[in-house]
Amino acid sequence: MPVMSSHAPNDQSNVALRAVGSSRAVFFIASALVYAGAIVSATLTLHPYFSQTWDVQTFIHAARTFFDDAAPFDLYARSRAAQTWPYAYPPLYAFAAALALLLGDLTRALPDYAWARVPAILADIGVALVLYRSVARQANDETIARAAALLWLFNPITFYDTAVQGHFESAWLVFVLLAYASFEDARHVALPALALALAVLFKQIAILFAIPMFVSWIVGWLHSWIVKSPRTSQSPNYQTIKLSNLLLALTLFSLVVTIVCLPFLLHSDDFVFMNLTYVENVPVQTASWLVALLGLTRAEPNALTSDFFFLRHTTIVTMLAATLLAFIGARRGWSVYLTAALIAIAFFLTSKKVMGYYYVMLFPFLLAALLPKRRFDLVTLALVATTYIALAPYYAGWTNHAHWWVYAILGTANSLFWVWLFAQLTDDRRPTTEIAVSGQRSAVAISLGLFALAVAAAWLQPLVASTGSPIRAPIIAAGMETNALIAFGALLALIVVAWLGVRALTRETNARALALALVFAPLFFSVYTLTKESTAIFEIALKWLGV
């Protein structure tokens, strides 16, 4: 009788693990290549108004200061002197952009404005990888983890942030997520503290998302020191920590930030001005209820600032809100991702500067908090609503100031949505799971569809190549009406052909994805193909209506 090898089950298990690992590698490599190709190609076909925005030019200028013969630490002074919108961030992204531009100089394959986006593209992919790990760990489901990566990479909000505006929110988000992942392991405090320090060195706003971890550690230490009782199943879900480890985390965080920033600080006062004073004194630039508050409290009818206490101190208000939410989250046992998502919403409601590219910061935390609970419908609704809000008409210095009340109504409606989403996220009475398979497929199909629509609209821009102002009438430059009509027809045809192809391959109707693509097609076409701000079109419509 043949003898079965005792190693056979182990061999089969190893083969299965290798197959899963290979499949996962193929998935991420393919996703990364498709995403990078879509972003770079869209950047190259977008109108210079978007592909070479003031911000992108500022990043390029800041990066180039590291190459010349002048002192590298005069970055902020030189940016203030040379740029309309100076570099107003900690130095790390300028350094990352410098490395990308150096590679571009060596290869001469793409223009500077494309290379300036490379760090953000790599960070976008990094966020997808960390999200995959976090969701896989929480949900214990490979399919949901992959859905998280796809929903982050291939959505129209990430596209707007990276391809259209050329911003780098993902550069600090990836380090916040790495800190949270290490925090979940609860093995040490050094790595989370280091990751958070790096996040803050990319952008100041990351400090809001460092608060939940430090508050959780402080609450855990205070609880273990004051109560001195063993943990039970009813104990709050925060980490206990020794005072020495808490001090180590605070010291390491502060030390890393200080070491990097100190040379710039000692070189000139411009570092403090650009990173603190300049940011604090920006005018109201948001699509929220704060437009109504501005209109009711400002001294002049066209002023974009107000001496009203709340508007003068929105940074302090936002910091206090984040601290309060972190404390409540630590006491109630919220996941750090849920707390971070709520802090992002609080920022949207309380900050006087919330540009369209800021909204992307919500989604890594929202996906990590909701997908393990299979709340795909809420993720889909948030994605669709935020896609609109990011591109919606907003109050600006170049609008008709007599229309402030219209923008106040629009902004208040946006804020009501954020309040509603906040309530949904904190509703502990909701079931922990929803229908998984159909909701997951629908969410991914809608996200992919809107992302593809945005990319296609950008690809069609050269057919129009607008020579008019993006913020002034007319909507379509004289003589380009036929080209615009052909481009819009092509965009609609692409939507229908893509939908029919997907239906033939998957045998699924995906009617919601088709309907949403058709609804958003005019907006994407106006912004990405015609290169016309939605606010400009809105102002033209208001004038036509006699408002």
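Mentor: The expected span of a helix is 1.5 Å times one less than its number of residues, and helices here are DSSP runs (H or I, at least four residues), numbered from the N terminus. The model is predicted, so to speak of local features pLDDT of at least 70 is needed, side-chain atom pairs count only at pLDDT 80 or more, and totals for chains, interfaces and linings use all residues. Residues are numbered from 1 along each chain as its sequence is written, and side-chain values use heavy atoms, with hydrogens and water left out.

Take helix H21, residues 404-426. Its 23 residues reach 33 Å from the first C-alpha to the last, close to the 33 Å expected. Buried residues (under 20% relative accessible area, 1.4 Å probe, protein chains only) occur in H21 from Val406 to Thr426, among them Tyr407, Gly411, Asn414, Phe417, Trp418 and Leu421. The buried residues of H21 pack against helices H15 (290-297), H18, H19 (362-370), H20 (376-391) and H26 (534-545).

A nonpolar core is a set of buried Ala, Val, Leu, Ile, Met, Phe, Trp, Tyr and Cys residues joined through side-chain atoms within 4.5 Å. The largest one has 174 residues, and Phe159, Phe209 and Tyr528 have the most contacts inside it. Apart from this core lies another, of 11 residues, including Val291, Ala292, Leu311 and Tyr407.

Note on methods: Buried means under 20% relative accessible area, exposed over 50%, partly exposed in between (1.4 Å probe, protein chains only). Helices (H or I, at least four residues) and strands (E, at least two) are DSSP runs, numbered from the N terminus. Contact means heavy atoms within 4.5 Å.
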